[in-house]
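Colleague: I am new to this structure. Please take me through its aromatic rings, one step at a time.

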Amino acid sequence: MSKYESNSLRNVAVVGHGGTGKTTLCESMLYIAGKTDRPGRVDEGTSTLDFEPEEQKRHISISAATNFVEWEKYKITLLDTPGDSNFAYDTRNCLRVADGVIIVIDGVGGVEFQTEKVWEYSDEYQLSRIVFINRLDRERANFEKSVESIKSRLGKKVTPIFLPIGKEDSFNGIIDLVNRKALIFDDLKGSYKTTDIPSDMKDAVEKSRETMVEDIAESDEALMDKYLNTGDLSDTDLVDGLRKAVIAGAVIPVVCGSALKNIGIANLINFIISTFPSPVDRGPVEGKKPGKDEKEVRKPAEADPFSAFVFKTIADPYAGRLTVFRVYSGTVKSDSSFYNSTRKTSERFGNIFYLEGKNQKPVESLVPGDIAAVAKLKETATGDTVCIEKSPIVYNRVIPPPPIMSFAVSPKSRGDEEKIVSSINRIIEEDPTLTFHRDEQTREMILSGMGQVHIEVSVEKMKRKFGVEVTLKTPKVPYKETIKGKTNVQGKYKKQSGGRGQFGDCWLDIEPLPRGGGFEFVDRIVGGVIPQQYRPAVDKGIVEAMAEGVLAGYPVVDVRVSLVDGSYHTVDSSEMAFKIAGSMGFKKGVMACQPILLEPIVNIDIEIPDEYMGDVIGDLNGRRGKIIGMESKGANRIIKGQVPLAEILRYAPDLRSMTSGRGTFTYEHSHYEEVPSFIAEKITAESKKEQQ
Ligand SMILES: Nc1nc2c(ncn2[C@@H]2O[C@H](COP(=O)(O)OP(=O)(O)OP(=O)(O)O)[C@@H](O)[C@H]2O)c(=O)[nH]1
Ligand SMILES: [Mg+2]
């Protein structure tokens, strides 16, 4: 039996802009709930949640981490997510399985761009939220301004439930508007004394309370009637009404505190329990029958067949793979067999445990809503559903965003290529936003991801976990070559010096094809001037010559070559001789056809707030980009354009700094276009240098 009932579970994702104090807030909750002896500190590397060396080195969260606190009969599972947009996929997966979300806002910075993003994600999953205005002890922190920024940028449904007492350095308590109590925190341990409301705050408190009561009353007709009749609501009405309103998404309460000074934390924990839905409150969840479009529903009940969703995978060099999942229905015990309905395979569950940061706490069985992990599953990956084979269901996964930045990776020590491939594959297991392929043309191993930090961190992880060191380089651009003119050319190969000679002779018509036309070989020989058996050899010789163009050694494309004439020798002619003749003729002919360089052009969609339009468009012009269209998306603009790949190899960090991190973009290959001659000259010269 699980120690908990589904009713007493709260699954809470802690999200927000980078550095707003999410991890510190979780550490503070762990400390206040008596789980740790002292609060873990991100900056000192003692956080139980930012436990990975890559996080400790940078003092940021890179990977979502899980821990839980017990409070009375409740178990609150905390999903501490990274704020950096490089790692937003992990954050989204946590939101996918959470029942409530705490949006942490910095009391100095107010709403920032990543706050808007996590707000959107929370809308997408229809999650109940609480906004926590943190870091109110900092200089220039301003509660009222922060609330204003939430109202203007995120929506009007927010209503303060706590007010801060004191400012900046002297911020030392909160007022609970529901019961009109002032709580003064006089040490850093989170303990507090309850006092009367300071006299200079009485008016402000009454005003804020009235707004809060109105907001809560408006969410429910019965409450509204009561409010209109009596002019107030009882504490119980407020608490119950608030819970309903938060679960329905009609009200978003704003609370405040200081995670670093443990102010307002116990109150936040109480508030989570009293307002956030349990898995049971969230009700049945929808999925599909495997491979079909038919709906399938599961209730958060132990009697329903077991189903769970995998939202995270951790590659551990020693313990193997760790799979983190949320149970949606039914129960599961350690040491049982299960069915992966996404991959249609069976998996054996060994020991199940709760995660406590990097530590694991074994648990015998789980109930609906529980979040837990299991080691050593063979095939199950992030986004998969596991369930009972007899009653299969597949839940929607979070689609990984397409990569936006690539690097060429090469081993630091020779002979490590094999190891690179296997360790990259293991890192990809835990992070599907990384992709890896070998470029056929440039022969480089390309690692792509969400930005520079993402790739750098992944490479550090590879070194730490699997002992492989690589160097990162900007990838080569897969240029191609083609021709603009036509010619008729002879390719002749003749070697007659005693014994059997070599003789092949062909006349070729070479002409350009439209972009994307590839290569066409046309046999127009009449009267058998070249016998049938030698003609395919000419084709082969040309294809070989096309692999390395005459300008800069890039593959030649978009040409048609017609074999129109030639001659042969009854004894000395061979396939080999005609192959060489074809290749010679082609190389010579291309020189006479105005060879040019082609470069890949990508379609790019850039989403930015309006105020950056001028800068971003100007910059795009500087990158030889063309703007094709413009669209609006909420308060943002989407610029649709085309730009040479060579110009956006480092666009991810550039756009980030141009827009203070608020711009995002995606791109995909579109087509090839001629490289302007002043650039082509440089590329040709460089490639000649390299070839030497
Ligand atoms: N003054 C003050 N500093 C705080 C408070 N909460 C967090 N910090 C500091 O803010 C910095 C960032 O805190 P984190 O907890 O790492 O923030 P985060 O939101 O988890 O950051 P990411 O996970 O990287 O997005 C650290 O230096 C914390 O010590 C607070 O209430 N007051
Ligand atoms: Mg963090």
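Where does the charged end of K75 sit?

Modeller: This is a predicted model. The charged end of K75 sits over the ring of Y354. It lies 3.6 Å from the centre of that ring. R96 has a ring under its charged end too: that of F309, with 4.2 Å to the centre.

Now to rings that meet rings. A pair of aromatic rings is described by the distance of the centres and the angle of the planes. The structure holds 12 aromatic pairs. One of them joins F185 and Y192. Their centres are 5.1 Å apart and their planes stand at 50 degrees, so this pair is tilted. F185 has a relative accessible area of 5%, so it is buried. Y192 reaches 34% and counts as partly exposed.

Y651 and F665 also form a pair. Here the centres lie 5.0 Å apart, with 75 degrees between the planes. That makes the pair edge-to-face. It links distant parts of the chain. Y651 belongs to helix α16 (residues 651-658), F665 to strand β36 (residues 664-674), and 14 residues separate the two. Y651 is buried, at 0% relative accessibility. F665 is buried as well, at 7%.

Rings can also gather in a group. F306, F325, F338 and F349 form one aromatic cluster.

Terms used. Residues numbered from 1 in each chain as written. Chains lettered and ligands numbered in written order. Predicted model: local features only at pLDDT ≥ 70, side-chain atom pairs only at ≥ 80, totals over all residues. Heavy atoms only, no water. Phe/Tyr/Trp six-rings, centres within 6.5 Å; stacked < 30°, edge-to-face > 60°. Buried < 20%, exposed > 50% of the residue type's maximum accessible area, 1.4 Å probe, protein only. Helix = DSSP H or I, 4+ residues; strand = E, 2+ residues; numbered from the N terminus. Lys NZ or Arg CZ within 6 Å of the ring centre and 35° of its normal.
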